[in-house]
Every structure is written in C-alpha cells, then in structure tokens.
Amino acid sequence: MIYRRKIIAVLVLLVTWQCLSMWVDKSVFLPSVPDTLHALISLARTKEFYHSIAASFVRIAAGFILAMIAGIFTAVLAELNAQIGEILQLLMQLMKSIPVASFVILVLLWVHSAQLSIVISFLMVLPVVFTNVRGGIRQTDAKLLEMAKVFQLGIWKKIKNIYLPAVRPAFVTACSVGLGFCWKSGIAAEVIGLPKNSIGGELYKAKLYLMTPELFAWTIVIVAISVLFEKLVMWGIRRMV
C-alpha cells in the first residue's frame, strides 16, 4: 500500500510537469518529460557523465566523513572543558549563520577548486554533528553515571554502556540531516568553483548554453544519488550503532 501511494504520487508529479511544459510550450524554460529523459539517456552514454558523478561523489562523501569525525571529537572536547566548549559553541553558531555562497567565496581564497566541495561539505555538516552529539552527551542519565561511579566502572565501560546508548539517537539524527546539507552545499560549491569532472560544473555548463533538458536531467541525477547515498549511509550507521 505504501509503495502504491508513492508510485501514484510520482505519476501525479510527472503528469503535472508534462502539462505545465505543454502549457509553457518553450523547452528553454520548462522542458517536457520525454525531452528530459532523452537528455538523461544521452548523458548516460558518455564517459564524462560517470567521471563527473564519481568525482563529485568522492569529494562530497569525503567532506561528510571528515565532518562526522571532527563533530564527534569537538563535541566530546566541548563537554570535557567548559571554556573550550564556549569557544566551540560560538564557532559553530557562526558557521551555521554564514551563507553557503559566502563560505564558498572565502574558501576559494585558500584552497583549489578541486577541493572546494570537500571543505564546504565539511563546514556545513560539522555544526550539525557537533550540536546533536553534544546534546546527546548532555542528556546522559545522571543516575547511571552516579551508579558507574559507585561501582567504579572504567572509562571504556562507561562509554560503551552509558554514553553510546545516550548519544546514538542524536548521532543518527545528525547523520540524516547532515547528508542533505552536504549534497546541497557540495554541489553549490562546485557550481561556483567549477572544478573539472564535477556535477556542479556540468550544471553550470547546461545553464550557460541554455541546455535546459540537460539541466533538468542533471538535477534528477543529483536527487537520485543523494537519496541513494543517504539510504546506504543510514543503513550502515544503524547496523554499526
């Protein structure tokens, strides 16, 4: 029943898209569904299509993984030292407030365009992980910590049996939210930085030459890869934690 509803929802959207395209009657503004599918098939027949997807995927995935590691480390550090915690909290607030475009322009002064999407994905996901993991640590049951102190449990046993179960839901939430952020920000960085072999570069090229069907085709590819990446990562995380 759930899959049936999803299929119906997709069909309704496709029909609506096609009707709007026929009403506009100008492919440069809104291509039809067949034109977009034809563009997608044409792109899929080229080597550059797969090179761009692979390169963008590796860069954005690297930024996401680095943000996960750094977010956990900084959250733990913030809880171990109150002064460091205040500094990190302020830094994360600043990072969340600065627009992606501003970050991209600033980062371009320091790194090559090929590494831009890695850094931007990292910077966008880091505050999300930090905030959620730190919140999870703070929600750890004080009574359990008191019991561990009474029974003189070692640090590793406290981490495994008390802290990890408390942080697990917050960490899973951080991953789910962060995955969406990393793809949006990573592709946006590529559109501005224009690295070679990138989805963002292909998007910019399609827009520059008014190849609207190709622009829509690449957008579909971005959505598909983003959803697939999120499903795989969340499946792996749930199995590990």
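Guide: Buried means under 20% relative accessible area, exposed means over 50%, and partly exposed lies in between (1.4 Å probe, protein chains only). This is a predicted model, in which local features need pLDDT of at least 70 and side-chain atom pairs count only at pLDDT 80 or more, while totals for chains, interfaces and linings use all residues. Residues are numbered from 1 along each chain as its sequence is written, and side-chain values use heavy atoms, with hydrogens and water left out.

Visitor: How many helices and strands does the protein have?

Guide: The protein has 10 helices and zero strands. Helices (H or I, at least four residues) and strands (E, at least two) are DSSP runs, numbered from the N terminus. Along the sequence, the pattern reads α-α-α-α-α-α-α-α-α-α.

Visitor: What box do the C-alpha atoms fill?

Guide: Taken along the principal axes, the box is roughly 75 × 50 × 30 Å. Of the 241 residues, 37% count as buried.

Visitor: Which aromatic pair does F49 form with Y50?

Guide: A search of the whole structure finds seven aromatic pairs. F49 and Y50 form one that is edge-to-face, with 5.0 Å centre to centre and 90° between the planes. For the terms, rings of Phe, Tyr and Trp (its six-membered ring) pair if their centres lie within 6.5 Å; planes under 30 degrees apart count as stacked, over 60 as edge-to-face and the rest as tilted.

Visitor: And F49 with W218, why is that pair tilted?

Guide: The ring centres of F49 and W218 are 5.1 Å apart and the planes stand at 40°, so the pair counts as tilted. This pair links distant parts of the chain, as F49 is in helix α3 (residues 47-80) and W218 is in helix α10 (residues 212-240), 169 residues apart.

Visitor: Are F49 and W218 buried or exposed?

Guide: Both F49 and W218 are buried. F49 has a relative accessible area of 7%, whereas Y50 is partly exposed at 46%.

Visitor: Which residues do ring pairs link into a cluster?

Guide: The cluster consists of F57, F64, W183 and F229.

Visitor: Turning to the core, which residues have the most contacts inside the largest one?

Guide: They are F64, I120, W218 and F229, in a nonpolar core of 50 residues. Such a core is a set of buried Ala, Val, Leu, Ile, Met, Phe, Trp, Tyr and Cys residues joined through side-chain atoms within 4.5 Å. In soluble globular proteins, nonpolar side chains tend to be buried together.

Visitor: Which helix gives the most to this core?

Guide: Helix α6 does, with 11 residues. The helices that each supply at least two residues include α2 (33-44), α5 (100-108), α6 (113-138) and α8 (155-193).

Visitor: What does I120 touch?

Guide: Not counting residues up to four places away in sequence, I120 touches V100, F103, V104, V107, S185 and A189. Contact means heavy atoms within 4.5 Å.

Visitor: At what angle do α3 and α4 pack?

Guide: Helix α3 and helix α4 (residues 82-97) pack at about 135°, with their axes 6 Å apart. That makes α3 oblique to α4. Axes are lines fitted to C-alpha atoms, for helices over the stretch in contact, and angles run from 0 to 180 degrees between N-to-C directions. Angles under 35 degrees count as roughly parallel, over 145 as roughly antiparallel, 65 to 115 as roughly perpendicular and the rest as oblique.

Visitor: Which residues make the contact?

Guide: T74, L77, A78 and L80 of α3 meet A82, I84, G85, L88 and M92 of α4. They divide into seven nonpolar, two polar and no charged. Here Ala, Val, Leu, Ile, Met, Phe, Trp, Tyr, Cys and Pro count as nonpolar, Asp, Glu, Lys and Arg as charged, and the others, Gly among them, as polar.

Visitor: A last topic: where are L194 and N197 found?

Guide: L194 is in the loop between α8 and α9, and N197 is in the loop between α8 and α9 as well. Phi of L194 is near 50°, a positive value in a residue other than glycine, and phi of N197 is also near 50°. Most residues other than glycine have a negative phi. L194 counts as partly exposed at 37% relative accessibility, and N197 counts as partly exposed at 43%.
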